[in-house]
Amino acid sequence: MNKYKTELMVGIFVVLTVAALLLLALKVANQTMSNEGESYTLYAKFDNIGSLKTRSAVKLGGVTIGRVESINLDKDDFTPVVELSILEKYTGFPETSSVSILTSGLLGEQYVGFQPGFSFDGVAELKDGDYLQDTKSALVLEDLIGQFLFNRGGDEN
Amino acid sequence: MNSIAAIGASTLSRLAAVGRAGLMLFGALLAVPRLKNVPLTVKQLYVVGVQSLLIIMVSGLFIGMVMALQGYTILIDYGAEASLGPMVALSLLRELGPVVTALLFAGRAGSALTAEIGLMKATEQLSSLEMMAVDPLRRIVAPRFWAGMIAMPMLALIFSAIGILGGHMVGVDWLGVDAGSYWSVMQSTVEWDKDVVNGIIKSLVFALVVTWIAIFKGYDSVPTSEGISKATTQTVVFSSLAVLGLDFVLTALMFGIE
Amino acid sequence: MDNLVEVDNMTFSRGDRLIYENVSLKVPKGKITAVMGPSGIGKTTLLKLIGGQLTPQQGDIRFDGESLVNMSRRRLYAIRRRMSMLFQSGALFTDMTVFDNVAFPLREHTRLSEDIIATIVALKLQAVGLRGAAKMTPSELSGGMARRAALARSIALDPDLIMYDEPFAGQDPISMGVLVKLIRALNDALNLTSIVVTHDVSEVLTIADYIYILADKRVIGEGTSEQIRNSDSELVQQFLKGQADGPVPFHYTAPPLEESLFGGQS
């Protein structure tokens with residue numbers, strides 16, 4: 001009887017652990033993202049990526065449509081190339097679409113903002129492996145302050 | 001001259017103790033393949049795991065709640081309260097989960113292990129096992145060691161999960177952080193292999209150290225009431241220090257270099 | 001005569017402290033051999049040496065003709081199944097009932113079914129008069145009962161040799177009488193060989209077939225009860241009669257009192 005109680009309690013312990021693990025896996029670390037569906041790859045070159053990281057979100061109007069798969073440096077012109085993994089269900093963006101690196105809140109995470117371009121005749125859709133031409137780099141606070149000071153200095157003279 | 005000799009002697013005796021601890025663990029680990037030991041390990045899992053469960057869950061809940069409260073008051077100044085989720089989750093998964101669990105485990109289960117084995121030694125139960133041709137390393141030490149190794153990561157996972165829920169309770173339900181952003185920013189920040197898995201690895205290392213110290217201190221204790229109480233205290237002190245020291249090393253190895 | 005245990009010129013020291021020097025003794029099969037001596041002489045150590053838990057620095061210890069010194073661990077464990085030891089405290093496992101304690105060696109070392117184990121345990125407990133206490137835990141037993149329960153556990157595997165470590169220490173006269181009777185009865189009924197380590201002179205003289213008296217790191221007297229009683233060794237007589245002063249001095253070795261009290265002034 002006592003032995004049964006021991007086994008029962010250990011069983012509850014194991015179940016609790018599995019529940020904790022599931023919570024961490026699904027709700028906290030969102031392990032499902034990579035399995036959520038097929039995805040295709042787009043590339044974007046930026047002058048400066050700020051503190052963008054792998055697995056940062058790619059968002060369109062607040063909807064997460066993909067993730068940053070990897071960040072590399074182009075071997076020829078030494079600019080950062082960001083590999084974006086976009087979910088297969090979000091497809092058909094025109095070539096004129098643009099991406100920019102945005103920040104959520106003042107100190108928040110950086111993410112890739114996706115802005116679909118206008119679609120008219122002669123503009124193809126983005127396909128797997130395409131490069132996005134229109135990119136806006138991350139805002140670097142130091143540069144902004146530098147510009148601000150420079151402008152002020154100019155005014156006074 | 002005498003003091004130098006004394007330092008030398010105490011160093012040597014400490015080294016010998018480390019050697020004995022190693023031999024003990026080695027002897028216990030040789031006992032892995034015995035099926036007979038599985039029910040014994042389950043029983044120890046109850047003693048070290050289930051009996052520590054309540055203190056772990058309550059502590060986890062409160063630590064998560066406090067972190068949400070503290071984090072909120074700071075983050076709100078920068079309008080970054082959406083980062084509350086990742087702040088709570090990352091601190092729990094990377095640090096507080098494994099470390100606080102290990103400290104509580106040392107105090108709750110570690111000291112009990114030392115006292116139990118020390119008492120078994122004092123009442124000649126270990127000797128008597130040996131005379132019955134039953135190896136106490138296999139019968140007593142091995143099941144307790146494996147139970148500790150299994151229970152600690154489980155407890156740490158439960159601790160972190162409950163802490164995150166506690167943070168949600170305070171941050172979202174009471175302070176009004178948006179529930180969607182609590183979870184989604186957490187999801188985009190927390191990485192499975194980097195944060196969760198590293199936390200589990202930390203926890204496994206702590207489990208090894210704490211359980212090892214606890215069992216060895218009991219096994220090597222002077223079998224008197226004074227000796228056992230001293231060994232019990234040493235278990236808590238040594239394993240707490242070892243956990244905090246190792247935590248720094250592990251953190252440097254895991255998260256130090258981006 | 002056949003000897004089950006033979007100790008040959010054995011020297012043992014713990015750290016710097018010499019405990020035995022050139023001790024030799026023989027334990028004949030089927031007999032009760034008593035080892036007596038003052039407290040702190042290391043009598044328990046002797047049993048641990050015979051049990052192979054400690055190894056002598058010099059000399060040899062043989063069990064049934066086989067040397068225990070430098071024996072492989074596996075062989076030693078096999079031999080230990082043929083011997084058992086009754087510890088001073090009983091050393092019952094506190095987390096098990098009396099029944100489980102007695103069943104423990106059977107479950108560890110045999111593949112008997114639970115039915116047969118239950119039968120054997122009942123018989124062993126009956127032999128020590130504790131069949132009614134099978135469901136009790138060790139903490140509910142009195143000291144004498146705990147020792148009897150431990151005795152039942154010691155004989156569970158029907159060993160050849162049983163070693164009693166101070167079986168009479170701290171027992172009331174009734175428990176003592178019960179234990180004396182049990183030791184003799186078990187020895188004869190199960191054809192055991194017994195070694196009794198004790199300092200209770202009168203009890204041992206009534207049951208022991210052969211007696212060794214240890215003191216000062218060596219054997220100071222041996223013989224049957226009769227021979228021991230008539231020994232002309234002062235040391236043996238002091239021990240038997242319980243005199244306060246004699247060859248074993250009342251005072252622990254110390255400088256003369258005058259010197260330590262007035263030494264500083266002179």
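Tutor: Let us start with the contact of two chains, bearing in mind that this is a predicted model. In chain C, 26 residues are in contact with 17 residues of chain B.

Student: How much area do chain C and chain B bury between them, and what share of it is on carbon and sulfur atoms?

Tutor: The two chains bury about 1900 Å² between them. Carbon and sulfur atoms account for 51% of that area.

Student: How many salt bridges does the rule find across the interface of chain C and chain B?

Tutor: The rule finds four salt bridges there. One of the pairs to inspect is Glu130(B) with Arg80(C), which form a salt bridge whose closest N and O atoms are 4.0 Å apart. For polar contacts, the count between chain C and chain B is ten residue pairs, with both residues at pLDDT 80 or more.

Student: Which helices and strands of chain C each supply at least two residues of the side that touches chain B?

Tutor: They are helix H2 (73–80), strand E6 (83–86), helix H3 (98–109) and strand E7 (161–165) of chain C. H3(C) gives the most, with five residues. Sorted by class, the side of chain C that touches chain B holds eleven nonpolar, six polar and nine charged residues.

Student: Which chains share the most contacts?

Tutor: Two pairs of chains are in contact, and chains A and B share the most contacts. No contact joins chain A and chain C; their closest C-alpha atoms lie 12 Å apart.

Student: How many salt bridges and polar contacts are counted between chain A and chain B?

Tutor: The count is zero salt bridges, and it is also zero residue pairs in polar contact with both residues at pLDDT 80 or more.

Student: What secondary structure does chain B have?

Tutor: Chain B has eight helices and zero strands. Its C-alpha atoms fill a box of roughly 65 × 55 × 35 Å along the principal axes.

Student: How does one read a sheet, and in what order do the strands of the open sheet in chain C stand?

Tutor: In general, strands of a sheet pair through backbone hydrogen bonds, either parallel or antiparallel. In chain C, four strands form an open sheet in the order E2-E1-E4-E5, and the pairing is antiparallel. Strand E2 (17–28) and strand E5 (66–67) of chain C each have a single partner strand, so one side of each is left without a neighbour in the sheet. Strand E1 (residues 3–14) of chain C pairs with E2(C) over eight bridges, and Asn3(C) has Pro28(C) in E2(C) as its bridge partner.

Student: Which helix packs on this sheet?

Tutor: Helix H1 (residues 43–50) of chain C packs on the sheet, touching E1, E2 and strand E4 (58–63) of chain C. The direction of this helix makes about 120° with that of E1(C).

Notes: Residues are numbered from 1 along each chain as its sequence is written. Chains are lettered from A and ligands numbered from 1 in the order in which they are written. This is a predicted model: local features need pLDDT of at least 70, side-chain atom pairs count only at pLDDT 80 or more; totals for chains, interfaces and linings use all residues. Side-chain values use heavy atoms; hydrogens and water are left out. Contact means heavy atoms within 4.5 Å. Buried area is the accessible area (1.4 Å probe) that two parts lose on being put together, summed over both. A salt bridge is a side-chain nitrogen of Lys or Arg within 4 Å of a carboxyl oxygen of Asp or Glu. A polar contact is a pair of N or O atoms within 3.5 Å; within protein, one must be able to donate a hydrogen and the other to accept it, and residues adjacent in sequence count only if both atoms are side-chain atoms. Ala, Val, Leu, Ile, Met, Phe, Trp, Tyr, Cys and Pro count as nonpolar, Asp, Glu, Lys and Arg as charged, and the others, Gly among them, as polar. Two strands pair if DSSP finds at least two bridges between them. Axes are lines fitted to C-alpha atoms, for helices over the stretch in contact, and angles run from 0 to 180 degrees between N-to-C directions.
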